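Reader: Could you walk me through this structure, one feature at a time? I would like the general idea and then the case at hand.

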Amino acid sequence: MQQIIIFGDMGKGERDLSNEYNNYQPGALNTTDRLIEDLDNIDLIFHIGDICYANGYLSQWDQFTEQVEALASHVPYMIASGNHERDWPGTGSFYLNKDSGGECGVPAQTMFNMPLKNRENFWYSLDYGLFHFCIADSEHDWREGSEQYRFIEGCLASADRLKQPWLIFAAHRVLGYSSDKYYGLEGTFGEPMARESLQKLWQKYKVDLAFFGHVHNYERTCPVYENKCISTERSLYTGVFNATIHLVVGGAGASLSDYSEVQTSWSTFKDLDHGFGKLTAFNRSTLLFEYKRSSNGEVYDSFWIKREYRDVLGCDSMDNCPPFTLAT
């Protein structure tokens, strides 16, 4: 059994309640404390971008690393690249804003040793127990034809579903679906051009779950493809793969983000509070996801996936019939 924590946008907090630089992560300490309390039941942590919001002030990195020391010294603390780590004009980042304060990814790349082939390209794959993770870098080009697109397809295609049946995709920005207010105003409900480029890969390789941060709240979709729910189930997903379930878990600490007034048809559950996700793989056929609030550690949303290897091999509802065995 493996137990994985995943969240984004945590940041750091002040134990003495002082108001220091860039102090807009009010839930960070609660999240950290809940994880420390449950540390004996955690094997791995993914912090998918917007790590500490230092934005060029290195003292803030010192404060953050002290805050998470009890976690990072006990279990692997994996990260993804976010806008507050990487983005700066003229440095090769996909977005031209100044969110990193000039850091350009250097502190994050230096402090956290991820299995990267190129430190400048913060994307990587990871096999851990029954999981195969494909971690994308939303601050570099992910569109079809790009270097990262080729990596993503290669990572998804390389999953040996007999050994690692649970295939997980994660990135900082929402490359899938989100009912965030500002995405709604843009009319995209996710990063523009993102899912148009990537959703056929998620569907082809039968990605069970896709996780995103950037938006500071929690949201779960139905199994969704091309803006449509492929299944009406809400709590127990069985049998053949239908479509990927998308989860926004960016509420780990930073000030919360409002939802759009538009009621999106694919949204299954929302929570405007600080929290984090937990994945538990019991075996090759049973996976549990739980969303917990940081204030009390209680579960506010959960669902099960129960799928046999023959179900992974089978054709899904979109007539996606893999021409391979998914096993080496």
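Reader: Is strand β8 buried or exposed?

Author: Buried means under 20% relative accessible area and exposed over 50%, with partly exposed in between, using a 1.4 Å probe and protein chains only. Here, eight of the eight residues of β8 are buried, so β8 is largely enclosed by the rest of the structure. Please keep in mind that this is a predicted model, where local features need pLDDT of at least 70 and side-chain atom pairs count only at pLDDT 80 or more, while totals for chains, interfaces and linings use all residues. Residues are numbered from 1 along each chain as its sequence is written, and side-chain values use heavy atoms, with hydrogens and water left out.

Reader: How are strands named, and which strands pair with β8?

Author: Helices (H or I, at least four residues) and strands (E, at least two) are DSSP runs, numbered from the N terminus. Two strands pair if DSSP finds at least two bridges between them. Strand β8 pairs with β11 (residues 245-249) in the antiparallel sense over four bridges, and Pro223 has Ile245 of β11 as its bridge partner. Four bridges also join β8 to β12 (residues 267-271), again antiparallel; there, Arg220 is partnered by Phe269. Strand β9 (residues 228-229) runs antiparallel to β8 and is joined to it by two bridges, with Tyr225 opposite Lys228.

Reader: Which polar contact does the side chain of Asn55 make?

Author: A polar contact is a pair of N or O atoms within 3.5 Å; within protein, one must be able to donate a hydrogen and the other to accept it, and residues adjacent in sequence count only if both atoms are side-chain atoms. The side chain of Asn55 makes such a contact with the side chain of His84, at 3.1 Å. Asn55 lies in the loop between β2 (44-48) and α2 (58-67), and with a relative accessible area of 13% it is buried.

Reader: How many disulfides are there?

Author: A disulfide is a pair of cysteine sulfur atoms within 2.5 Å, and by this rule the count comes to two. One is formed by Cys134 and Cys155, with sulfur atoms 2.1 Å apart. Cys134 lies in strand β5 (residues 131-135) and Cys155 in helix α6 (residues 147-157), so the pair ties together parts that are 21 residues apart in sequence. The torsion about their S-S bond is about -100°, so this disulfide is left-handed. Cys134 is buried at 1% relative accessibility, as is Cys155 at 3%.

Reader: What about Cys222 and Cys229?

Author: Cys222 and Cys229 form a disulfide with sulfur atoms 2.1 Å apart, and their link is left-handed, with -90° about the S-S bond. Cys222 is buried, at a relative accessible area of 3%, whereas Cys229 is partly exposed at 35%.

Reader: Why is the sulfur of Cys52 too far for a bond?

Author: Its closest cysteine sulfur, in Cys104, is 15 Å away, which is too far for a bond. Cys52 counts as buried at 0% relative accessibility, and Cys104 is buried at 16%.

Reader: How many cavities of 30 Å³ or more are there, and what lines the largest cavity?

Author: On a 1 Å grid over the protein atoms alone, a cavity is a set of points where a 1.4 Å probe fits but cannot get out, and lining residues have an atom within 4 Å of a point. Grid points are joined across faces, edges and corners, and a volume is the space filled by probe spheres set on the points. The count comes to one cavity of 30 Å³ or more, and the largest cavity has a volume of about 40 Å³. Its lining residues are Tyr177, Gln199, Trp202, Gln203, Val224, Tyr225, Thr244 and His246. The elements giving two or more residues to this lining are α8 (194-204) and β8 (218-225).

Definitions and conventions: 1 Å grid on protein atoms, 1.4 Å probe; cavity = no way out; pocket = protein on both sides within 12 Å on 5 of 7 lines; lining within 4 Å.
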